[in-house]
Every structure is written in C-alpha cells, then in structure tokens.
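I jotted things down as I looked them up, so please read along with the structure open.

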Amino acid sequence: MDEKITKKKYGEIIFDSNINDWSKYTSIFDSKIFNRSQLVFIIEDTEGNKFGGFIYSKIDKYQCTENGKWKGERITDPKAFIF
C-alpha cells in the first residue's frame, strides 16, 4: 500500500485470514483489532484485486447482533477512508 495515502509506515500484520481463525462464530478478528488505532485493512479477492480501508480512531467500542438487530456504539472517524 502506498504510504503517501495514510502518511504511515508499515508496522505489523495483526490479523491474516490465511493464518488466523476467520470462522463465523470463532473468529479472533475482533480481539486482534480491539483497542488499536491507525489500522489499514487490505482485502484481496480471488482474482488478485486489492481494496480496503483505513481507520485512524481507536477501536474501543463494540457492536454485535442480538436477535438480528445491532446493539452497541458505532465508531465515527472523519479521517477514515476506503480505497
């Protein structure tokens, strides 16, 4: 990813769906990103296309579904963007 876009240097990979559990009910994704900030999410599809997003704010709120409805707070970040 172009470091000019986020003005950040590459740090560490905190979650890799090829290595870490990404299953619907047992995924560790939320525990890996919770209480972290300045995260870049990169997704690569089966055709090699890459896309994702950047969030500057700390991920310190949790949302989940209960009986088909969302509960919890949303994170608002005016510096966040998708690419």
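**Entry 1: contacts and overall layout**

I began with contacts, meaning heavy atoms within 4.5 Å. Among those in the protein between residues at least 6 apart in sequence, 31% join residues at least 24 apart. A reminder to myself: this is a predicted model, where local features need pLDDT of at least 70, side-chain atom pairs count only at pLDDT 80 or more, and totals for chains, interfaces and linings use all residues. Residues are numbered from 1 along each chain as its sequence is written, and side-chain values use heavy atoms, with hydrogens and water left out.

Next I looked up the secondary structure and found two helices and five strands, in the order α-α-β-β-β-β-β along the sequence. These are DSSP runs numbered from the N terminus, with helices being H or I of at least four residues and strands E of at least two. The C-alpha trace spans about 40 × 30 × 20 Å along its principal axes.

**Entry 2: surface and burial**

I noted an accessible surface of about 7,100 Å² for the protein, with 51% of it belonging to carbon and sulfur atoms. The areas come from the Shrake-Rupley method with a 1.4 Å probe, and for residues only the protein chains shown count as cover. Of the 83 residues, 14% are buried; that label means under 20% relative accessible area, while exposed means over 50% and partly exposed lies in between (1.4 Å probe, protein chains only).

**Entry 3: the core**

Which residues make up the largest nonpolar core? I found five: I14, I33, L39, I55 and I59. Such a core is a set of buried Ala, Val, Leu, Ile, Met, Phe, Trp, Tyr and Cys residues joined through side-chain atoms within 4.5 Å. In soluble globular proteins, nonpolar side chains tend to be buried together.

I then followed I55. Leaving aside neighbours within four places in sequence, I55 contacts S37, Q38, L39, F41, I75, D77 and A80.

**Entry 4: the second largest pocket**

I put the volume of the second largest pocket at about 720 Å³. For the method, I noted a 1 Å grid over the protein atoms alone: a pocket is an open set of points with protein on both sides within 12 Å along at least five of seven lines, and lining residues have an atom within 4 Å of a point. Grid points are joined across faces, edges and corners, and the volume is the space filled by probe spheres set on the points.

The lining has 24 residues, and F29, D30, I33, Q63 and W70 lie nearest the centre. α2 (29–33), β2 (50–55) and β3 (63–66) each supply at least two of the lining residues.

**Entry 5: loop residues**

I checked two residues in the loop between α2 and β1 (39–44): N35 and Q38. Neither is a glycine, yet N35 has a positive phi of about 65° and Q38 one of about 55°. Most residues other than glycine have a negative phi. N35 is partly exposed at 43% relative accessible area, and Q38 is partly exposed at 32%.

D16 sits in the loop between α1 (3–6) and α2.

Is P78 buried or exposed? P78 counts as exposed, because its relative accessibility is 80%. P78 is in the loop between β4 (69–72) and β5 (81–82), and its C-alpha atom is 8.6 Å from that of Y56.

Methods
1 Å grid on protein atoms, 1.4 Å probe; cavity = no way out; pocket = protein on both sides within 12 Å on 5 of 7 lines; lining within 4 Å.
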